[in-house]
Amino acid sequence: MSGVWVFKNGVVRLVENGAAGGNEAVRKRKALVHTPSGQVVRSYAELESELRALGWERYYEDPSLYQFHKRGALDLISLPADFARFSSVHMYDIVIKNRDSFRVVDI
């Protein structure tokens with residue numbers, strides 16, 4: 001565990017990646033980078049374009065998700081429909097399934 005222990009009002013708690021005086025944790029933001037081009041993925045349209053070039057097909061069955069499947073594999077990438085909810089967990093899922101094409105960086 002990393003962070004700072006804060007004592008306030010008789011209670012000690014761990015604030016992850018935060019400052020001792022802060023009330024909330026300071027989180028490092030992550031970005032998904034397309035490795036061959038070096039471009040940060042800023043929208044699902046960009047991501048879909050890169051995934052299609054790698055052989056991924058989009059499923060349109062569930063409107064609350066963006067889902068991609070690679071023919072001949074068991075892999076499935078499921079992403080929230082709202083890009084604002086696209087988190088580092090989703091980024092790492094993409095990286096694991098496309099090791100040479102994407103990476104996650106701190107911004």
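## Contacts of Phe-102

Leaving aside neighbours within four places in sequence, Phe-102 touches Leu-32, Val-33, His-34, Thr-35, Val-41, Leu-47, Glu-50, Leu-51, Leu-54, Ile-94 and Val-95. The model is predicted.

## The nonpolar core

Phe-102 also belongs to the largest nonpolar core, which has 16 residues. Phe-102 is among those with the most contacts inside this core, along with Leu-32, Leu-47, Leu-79, Phe-86 and Ile-94. At least two core residues come from each of helix H1 (44-53), S6, S7, H2 and strand S8 (102-106). In soluble globular proteins, nonpolar side chains tend to be buried together.

## The sheet

Three strands make an open sheet, ordered S5-S6-S7, with antiparallel pairing. Strand S5 (56-59) and strand S7 (76-80) are the edges; each pairs on one side only. From one strand to the next, the twist averages 25 degrees. Strands of a sheet pair through backbone hydrogen bonds.

Four bridges link S5 to strand S6 (residues 65-70), in the antiparallel sense. Here Tyr-59 has Gln-67 of S6 as its bridge partner. S6 and S7 also run antiparallel, joined by five bridges. His-69 stands opposite Leu-76 in S7.

## Hairpin and helix

S6 and S7 form a hairpin. Five residues lie between the two strands. In the turn, Gly-72 has a positive phi of about 85 degrees.

Helix H2 (residues 88-97) lies across S5 and S7. H2 runs at about 160 degrees to S7. Both H2 and S7 supply at least two residues of the core described above.

Conventions
Residues numbered from 1 in each chain as written. Predicted model: local features only at pLDDT ≥ 70, side-chain atom pairs only at ≥ 80, totals over all residues. Heavy atoms only, no water. Pairing = 2+ DSSP bridges. Axes fitted to C-alpha atoms, helices over the stretch in contact; angles between N-to-C directions. Contact = heavy atoms within 4.5 Å. Core = buried A, V, L, I, M, F, W, Y, C linked by side-chain atoms within 4.5 Å. Buried < 20%, exposed > 50% of the residue type's maximum accessible area, 1.4 Å probe, protein only.
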